[in-house]
Amino acid sequence: PVWSNAVFLHKVSAALNIPNCVLLNIETAAEHTASPARRSMLNIVIVGGGATGIELAGAFAELKSHIIPKDYPEYVHGELTIYLLEAADRLIGTMSKKTSEDTLALLTKMGVEVVLNCAVTGYEQNKVILKNGMQIPTRNLIWTSGVTILLPEGLENAVRGRGSRAVTDEFFALKGYEDIFVIGDASLQQSEKYPNGYPQLARIAIE
């Protein structure tokens, strides 16, 4: 599976590990300017255009603009490339269309290469392979794409909603059941404003 070769952002330890891995590759690329692997060291590929993916892409874009040129004089501006890959037709699909459009415009302005409507199908020999045949060499593959829940055996597929989340009512009771409850990112609560479920963000969960 592609994700078995990627760094995940699910824990604090992973959040600390990601910049360390990326900076180590940048440092190696700066020291080995003639290395055939240099391009893969300077490509950062983030899979998943949800809230986590766009925040991470923006953080790396700021790192590229403000930190890298000062800390790595061997770095040539423009060599470091940040890709954000999303299988859907827009970023942060659980939010409004305007928010998605504004986010795309901002990331593009910051220099992030956003690829929409194209799923990742493989990762071989340090190359991310997309459904359209595009290949991106990288040793910095970060997986932030959705959460898939594992439902107990015996439950109908009808309780699954967008992103394989479990459809619940306003009290977190699973659709069609009174004694099974699902909370957190695994729960899909729909409303008139959020027909695809509330965005999986801490602030919204608190509210």
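Strands E5 (residues 120-124) and E6 (residues 127-130) run antiparallel and are joined by 4 bridges. Strands are DSSP runs of at least two residues, numbered from the N terminus; two of them pair if DSSP finds at least two bridges between them. Glu124 has Lys127 of E6 as its bridge partner. The hairpin has 2 residues between the strands, and Gln125 takes a positive phi near 50 degrees there.

## Model basis

This is a predicted model: local features need pLDDT of at least 70, side-chain atom pairs count only at pLDDT 80 or more, and totals for chains, interfaces and linings use all residues. Residues are numbered from 1 along each chain as its sequence is written, and side-chain values use heavy atoms, with hydrogens and water left out.

## Arg165

Arg165 sits in the loop between strand E8 (140-143) and strand E9 (166-168). Arg165 is buried (under 20% relative accessible area, 1.4 Å probe, protein chains only; exposed is over 50%, partly exposed in between). Arg165 has no salt bridge (a side-chain nitrogen of Lys or Arg within 4 Å of a carboxyl oxygen of Asp or Glu). The nearest side chain of opposite charge, Asp185, is 5.9 Å away. Lys and Arg count as positive, Asp and Glu as negative; His and the chain ends are not counted.

Backbone oxygens do come within reach. A polar atom of the Arg165 side chain lies 3.2 Å from the backbone oxygen of Asp185. The Arg165 side chain also reaches the backbone oxygen of Tyr198, at 3.3 Å.

## Cysteines

The structure holds 0 disulfides (pairs of cysteine sulfur atoms within 2.5 Å). Cys21 is partly exposed, at 30% relative accessible area. Cys118 is buried, at 6% relative accessibility.

Definitions and conventions
Polar contact = N/O pair within 3.5 Å; in protein donor to acceptor, adjacent residues only side chain to side chain.
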